[in-house]
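Hello,

I am passing a structure on to you, with some notes on what turned up in it. Please have a look at it first and then read on.

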Amino acid sequence: MAARGGAKSSKPPSHLPQHMLDYLWQRNLRQFIYKNIIHSATPLGDEMAHHLYVLQALMLGLLEPRMRTPLDPYSQEQREQLQALRQAAFESEGESLGTGLSADRRRSLCAREFRKLGFSNSNPAQDLERVPPGLLALDNMLYFSRHAPSAYSRVGNRLVLENSSREDKHECPFARSSVQLTVLLCELLRVGEPCSETAQDFSPMFFGQDQSFHELFCVSIQLLNKTWKEMRATQEDFDKVMQVVREQLARTLALKPSSLELFRTKVNALPYGEVLRLRQTERLHQEGTLAPPILELREKLKPELMGLIRQQRLLRLCEGTLFRKISSRRRQDKLWFCCLSPNHKMLQYGDVEEGASPPTLESLPEQLPVADIKALLTGKDCPHVREKGSGKQNKDLYELAFSISYDHGEAEAYLNFIAPSKREFHLWTDGLSALLGGPMGSEQTRLDLEQLLTMETKLRLLELENVPIPEQPPPIPPPPTNFNFCYDCSITEP
């Protein structure tokens, strides 16, 4: 491994015995490689980079037997490891399981706690029968609970204790996430795949410390929990979250961070919103829509398309929407209908019966002139949300609540709404903002504008299909030496 030249190396070995790696590590070989080769002032040659790639692949290859071995439900050692994982999450409850309870009651409590921990089955052995990841997923969870106890308390224990009091759809299942994340890491790092004879793709951070794979898992499981919260995910969104986490990890690994701490910093600086922005930018690059002429065309199209969106929002208000009233008992037991008059000068509204068809404009008894509206309020600023305190049900309504304040004699009054859906919330708040002369800044408007811009731009460029669009406009030719070519139209020919 001492060579730094560019000569082609021989075929790499297919495996590395564990005892040989242990012997090399006892001689501080890893630290020597990290300090004196990877971080040497002399650039790495192609051959040395290949040797480091091979050594990294062989180190990761040592995980393959655990990855290919399913959990044995009859193994006493593995059952004890599972119990240790459960007790780390339910320490106080776990200590009390052995006192004063029958065997059936203890088994029932253990099964319930394993389900809370995120296993799909009350018998966790069934979750770990899948290969890969096999026992490697259990190794990762145990390592996380033992070597990062404070992080496990924040991630694992909080997922268990806090989410156990919430609706199941909001839980981020720790065990299921750990199993899938272990599979994902094995795929990204090509664990168990044969070495290439020419590759040089190694990551310096795997030589920065011992147990680098398990340490990487500890960082990744905390990233997964962070991304889950950013996406406001439910159980149905599990696969979507894993796709985002895969992209976060892959993008960060591609940067080849020199240490695990640098990896942690870079991957946490890539939140869900940034992933969406990068996806959009890359898609636009692939479509060629980021060339300066295209960007200029998009900017010219924006006012016209925003006017089209504004027109659609006002038409939606004219159609009207059926809203529910929230009574003092927090029951959604009354309905009312509100719509905008065709001339956009009056909001008309009134109560309706359950199951009745939408009322006509003339049958609505109440009217509110648009000219009397002073402001649009949303979320926690709405008076009907503030008055009902901070209960869990009202927290769920914050994102759907909006109000309009208006002059009622000398006092200020409010017309309060609870939108039936997030889309209706965006449509109504955009429409009311447009009526008041304000901007339409909802997420729905942004999505609609982007969709219309993409469609309109493609339509304008149909005739230029397969024609390369230059990054810079062509140069303007110099002016002519004289302007004698100008024709005087005042002279009539004989």
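**A buried residue and its helix**

I221 has a relative accessibility of 2% and therefore counts as buried (under 20% relative accessible area, with a 1.4 Å probe and protein chains only). This is a predicted model, in which local features need pLDDT of at least 70, side-chain atom pairs count only at pLDDT 80 or more, and totals for chains, interfaces and linings use all residues. Residues are numbered from 1 along each chain as its sequence is written, and side-chain values use heavy atoms, leaving out hydrogens and water.

I221 sits in helix α11; helices here are DSSP runs of H or I with at least four residues, strands are E runs of at least two, and both are numbered from the N terminus. Between I221 and L181 there are 7.3 Å in space, C-alpha to C-alpha, although they are 40 residues apart in sequence.

Helix α11 (residues 212-230) also has a partner: its axis and that of helix α13 (residues 260-268) come within 11 Å and cross at roughly 15°. The axes are lines fitted to C-alpha atoms over the stretch in contact, with angles from 0 to 180 degrees between N-to-C directions. That makes the two helices, α11 and α13, roughly parallel (angles under 35 degrees).

On the α11 side, E215, L216, V219, Q222, L223 and K226 meet L260, F263, R264, V267 and N268 of α13, where contact means heavy atoms within 4.5 Å.

As for the whole protein, 41% of its 494 residues count as buried, and its secondary structure comes to 19 helices and seven strands.

Best wishes

Technical notes:
Angles under 35 degrees count as roughly parallel, over 145 as roughly antiparallel, 65 to 115 as roughly perpendicular and the rest as oblique. Buried means under 20% relative accessible area, exposed over 50%, partly exposed in between (1.4 Å probe, protein chains only).
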